[in-house]
Amino acid sequence: MADHDAQVCKSVGTGMTRVFELFGKRWTGLIVATLMPGEVRFAELRRAIPGISERMLSDRLAELTGVGLVVREVEEGPPLRVAYRLTAAGEALEPALKELGRWAEKHLDDGGGCPEALR
């Protein structure tokens, strides 16, 4: 196995490190993929991503909003509704996510299981 020192690890680059700090978290990629077609209400997002809790979805959406990939829009009620959509920066991820989906279909035994929106 190669001997890694601090300099080798730094060569990965800050951009790649920042991407995987965000997208390395469970659910983040699926949330972005679900938002690719357009605005989605919170409840619809929750149903579209089986297994995610409301708390986790809320936390991930807040994080994506904080980094400028998602916009949160409140629709006055009653009932009060909250919808989310990608910003231009979030939409710019589409080619990369589609390519990752194609890679998964080709190289992962289970086909990658990518959402329909990314194919």
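These are legends for a set of close-up views of a predicted model.

In this predicted model, local features need pLDDT of at least 70 and side-chain atom pairs count only at pLDDT 80 or more, while totals for chains, interfaces and linings use all residues. Residues are numbered from 1 along each chain as its sequence is written, and side-chain values use heavy atoms, with hydrogens and water left out.

**View 1**
Reading from the N terminus, the elements go α-α-α-β-α-α-β-β-α-α. Helices (H or I, at least four residues) and strands (E, at least two) are DSSP runs, numbered from the N terminus. Of the 119 residues, 26% are buried; buried means under 20% relative accessible area, exposed over 50%, and partly exposed in between, with a 1.4 Å probe and protein chains only. The protein exposes about 8100 Å², and carbon and sulfur atoms supply 54% of that. Accessible areas come from the Shrake-Rupley method with a 1.4 Å probe, and for residues only the protein chains shown count as cover. Take the contacts between residues at least 6 apart in sequence: 45% of them join residues at least 24 apart. A contact means heavy atoms within 4.5 Å.

**View 2. The largest nonpolar core, 20 residues.**
I31, L35, L45, L61, V70 and Y84 have the most contacts inside this core. The elements giving two or more residues to it are α3 (28–35), α4 (42–48), α5 (54–66) and β3 (81–86). A nonpolar core here is a set of buried Ala, Val, Leu, Ile, Met, Phe, Trp, Tyr and Cys residues joined through side-chain atoms within 4.5 Å. Zoom in on L45: leaving out residues up to four places away in sequence, L45 touches I31, T34, L35, V40, L57, L61 and Y84. In soluble globular proteins, nonpolar side chains tend to be buried together.

**View 3. Where α3 packs on α5, at an angle of about 75 degrees.**
The two axes are 10 Å apart. That makes α3 roughly perpendicular to α5. Axes are lines fitted to C-alpha atoms, for helices over the stretch in contact, and angles run from 0 to 180 degrees between N-to-C directions; under 35 degrees counts as roughly parallel, over 145 as roughly antiparallel, 65 to 115 as roughly perpendicular and the rest as oblique. On the α3 side, T28, I31, V32 and L35 make the contact, and on the α5 side L57, R60, L61 and L64 do. Sorted by type, the contact residues come to six nonpolar, one polar and one charged. For that sorting, Ala, Val, Leu, Ile, Met, Phe, Trp, Tyr, Cys and Pro count as nonpolar, Asp, Glu, Lys and Arg as charged, and the others, Gly among them, as polar. Helix α3 is mostly covered, with six of its eight residues buried: T28, I31, V32, A33, T34 and L35.

**View 4. R60, an arginine in helix α5.**
R60 counts as buried because its relative accessibility is 14%. Setting aside neighbours within four places in sequence, R60 contacts K25, R26, T28 and I31.

**View 5. L22 of helix α2.**
L22 has 12% relative accessibility, so L22 counts as buried. Away from its neighbours within four places in sequence, L22 is in contact with T28, E63, L64, V67 and L69. L22 and L64 are 42 residues apart in sequence, yet 8.4 Å apart in space, C-alpha to C-alpha.

**View 6. W27, in the loop between α2 (14–23) and α3.**
Look at the backbone here: phi of W27 is near 85 degrees, a positive value in a residue other than glycine. W27 counts as buried, because its relative accessibility is 13%.

**View 7. Two cis peptide bonds, one joining G77 and P78 and one joining P78 and P79.**
Omega is about 5 degrees for the G77 and P78 bond and about -10 degrees for the P78 and P79 bond. P78 is in the loop between β2 (70–75) and β3, and P79 is found in the loop between β2 and β3 too.

**View 8. R41 in strand β1 (residues 40–41).**
At 30% relative accessibility, R41 counts as partly exposed. Beyond its neighbours within four places in sequence, R41 is in contact with E75, R81, V82 and A83. R41 and E75 are 34 residues apart in sequence and 9.9 Å apart in space, C-alpha to C-alpha.

**View 9. E91 in helix α6 (residues 88–91).**
E91 counts as partly exposed, at 47% relative accessibility.
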